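Hi,

Here is the structure I promised to pass on.

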Amino acid sequence: MKFSKLAYFVEQIEKTSSRLSITHLLAELFKKLDKEEIEKTVYLLQGRLAPLYSAIEFGMAEKMIGRSVVTALSIDKKSFENEFKKIGDLGKATEYFKKQISLLEHDDLSILEVYDSLYKLATASKEGSQDVKVQILARLIGQLDSLSCRYLVRIPIGVLRLGFSDMTVLDAFSWMIRGDKSLRPQIEKAYHVRPDLGFIGKVIKSDGLAGLKNVRPHLFTPILMMRAERLSSAKEILEKIGKCAVESKYDGFRLQIHIKKSKVEEVRLYSRNLEDVSFMYPDIIAGVKKEIKVDEVIFEGEAIGFDPHSGNFLPFQETVQRKRKYGIEEKAKEIPLKLFAFELLFLDGKNYLEVPFIERRKKLMSLIKTSGDIFKDVLITAPEEITEDEKKLELLFDDAVSKGLEGIIAKKLNGVYKPGAREWNWIKFKRSYSSKIDDTIDCLVMGYDYGKGKRTDFGIGAFLVGIFDEKQDKFLTVAKIGTGLSDVEWKELKVKSEKSKVKSKPALYDVDKMMECDVWVSPLIVVEIKADEITKSPVHTAGRKLKASKSGKAFEVDVPGFALRFPRLQRFRDDKRPEDVTSLREVKKMFIKQTK
Ligand code: ATP
């Protein structure tokens, strides 16, 4: 397919805010593509050249792109800058100038040709690579038509933002095959094992649905991590899963470790939101290289800061200082990390996802070769007790809490590892808080209002947060938060929001008129919120039901939505993807539990 045709589809997608229309447009586009094209087109639609966890970046700022446009179209730099300022959008400014000289013949390049050039651009890394990048982009601008140019230049600066999620793409795959969304669960299951939309599209095109059944863990493609359900007593846990393995719940950050030993040994670490964070934790990489001696493995654990003087583990607030881009080596000396290993997913060609927990655990233990000296080892096998005794389980919980840990995780003995799912195979039992809800709620920041009074300094006075409804694939609001943040947190929120602000409300947001924001933010920022209670409110859309008014002209609230009472920010959860925020299903459960 020609890139100009893709640009036509992208324009249609950009024009609509209806999720269903976007899904149909994507499905129609996907139908017309072959297996190579679908893979690369999916990445381009996400403004990328590879899946999110892959490190390929364009390395081009707005200014450099401006240089490409000026070079390609031989226009005056000043007049380009002025026009860009006026229009406020690099894509449209480029399109404007390209149109002026559109009498120039342009080659109708294919999507694959454009992709290949962009790939060369991104991977140019030697000296003088900046000029090479500018030239490659300039050549493309020269060759493509004006509408194509609008979208082409938005790709390297990451502002394509078409307002659809990975889930919309999965739905579109289903529509492509069957003309409805009924195949989404099947497609999603494969995606949870290999969350690479381009790859999934390619498999469907090559081998149809049958191909998806063979999707297995793949080294250096992070598997979506399994999550835990919540309960708040030993009794409930035993009633639910019976005899179980009990482990402490460590409060650090989760890592998925991929190791492949061939001529050179490669180790990669992935975070909860599937980012490659290998560069951040050189101490963990060195440790696993020494303490795990197999050819290929994927396993998981919780990384916790360790005090090398006292031999104590550190609280989350200190561990989190290890999440940084600079000064990594020094911080690693000051706060070394230990990794509590708890899950095995893949080993030497064998898929362990379907293997019962107790066997996965046994195998994992047998792989770890440590000295037993906590000061020297990096890996620790999370101690575990198997029990069906209520008192014993309560004691284990009390013991964990008295050590300053968050609580425990009970694991079903024959439970499989279900990528991406929150199910009863793992149950967390956390310290109860004084409030009526005994857990925090992870929310997405959807937008913000400008500040009044003192807050004008920060440029942000209140922010709207929401949870996720998996069924509708929409973010629904639960609170607008205007207090409870320190000055530093307000500033951090402003900086983060500024980076991801968008012109209009994203199609994935369902927001009541009363809760509209001055500035909308694309789905990126996840925050952990503590609240006293879940209440009901007609202005929040989480769980709200509308019905037609008597006159039939408007809608009125039939069932009010869920809202958070006294919400306050606990911390930013940069390790979570937007879809990982608390779900509507969970909030409903918390609400029911609280009213009991
Ligand atoms: P929370 O917000 O309650 O910390 P979460 O939303 O980050 O939880 P959950 O899936 O709800 O994630 O809780 C499980 C998390 O607990 C895991 O992601 C992991 O990071 C952490 N964890 C700590 N200790 C263990 C353990 N022994 N086994 C499994 N997970 C553990």
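Predicted model: local features only at pLDDT ≥ 70, side-chain atom pairs only at ≥ 80, totals over all residues.

The protein splits into domain 1, residues 231-434, and domain 2, residues 441-595. If you take the C-alpha centres of the two domains, they sit 31 Å apart. Where the domains touch, domain 1 puts in 10 residues and domain 2 puts in 12 residues.

How much area is buried between domain 1 and domain 2? It comes to about 1000 Å², and carbon and sulfur atoms give 44% of that.

**What links them**

Two salt bridges turn up across the interface of domain 1 and domain 2. There are also five residue pairs in polar contact across that interface, counting pairs with both residues at pLDDT 80 or more. As for the kinds of residue involved, the side of domain 1 that touches domain 2 has four nonpolar, two polar and four charged ones.

**The ligand**

Arg422 shows up here as well: an N or O atom in its side chain is 2.8 Å from an oxygen atom of the ligand. Lys430 does something along those lines, with a side-chain N or O atom 2.6 Å from a ligand oxygen. For Arg573, the distance from a side-chain N or O atom to an oxygen of the ligand is 3.0 Å.

So how much of the ligand's accessible area does the protein cover? On its own the ligand has 600 Å² of accessible area, and the protein covers 96% of it.

Which residues are closest to the ligand? Of the 19 that surround it, the closest are Arg254, Glu302, Lys428, Lys430 and Lys576.

Happy browsing!

Methods
Residues numbered from 1 in each chain as written. Heavy atoms only, no water. Domains from an automatic or database assignment. Contact = heavy atoms within 4.5 Å. Buried area = accessible area lost by both parts, 1.4 Å probe. Salt bridge = Lys/Arg side-chain N within 4 Å of Asp/Glu carboxyl O. Polar contact = N/O pair within 3.5 Å; in protein donor to acceptor, adjacent residues only side chain to side chain. Nonpolar A, V, L, I, M, F, W, Y, C, P; charged D, E, K, R; others polar. Near = heavy atom within 4 Å. Areas by Shrake-Rupley, 256 points an atom, 1.4 Å probe, with all protein chains shown as cover.
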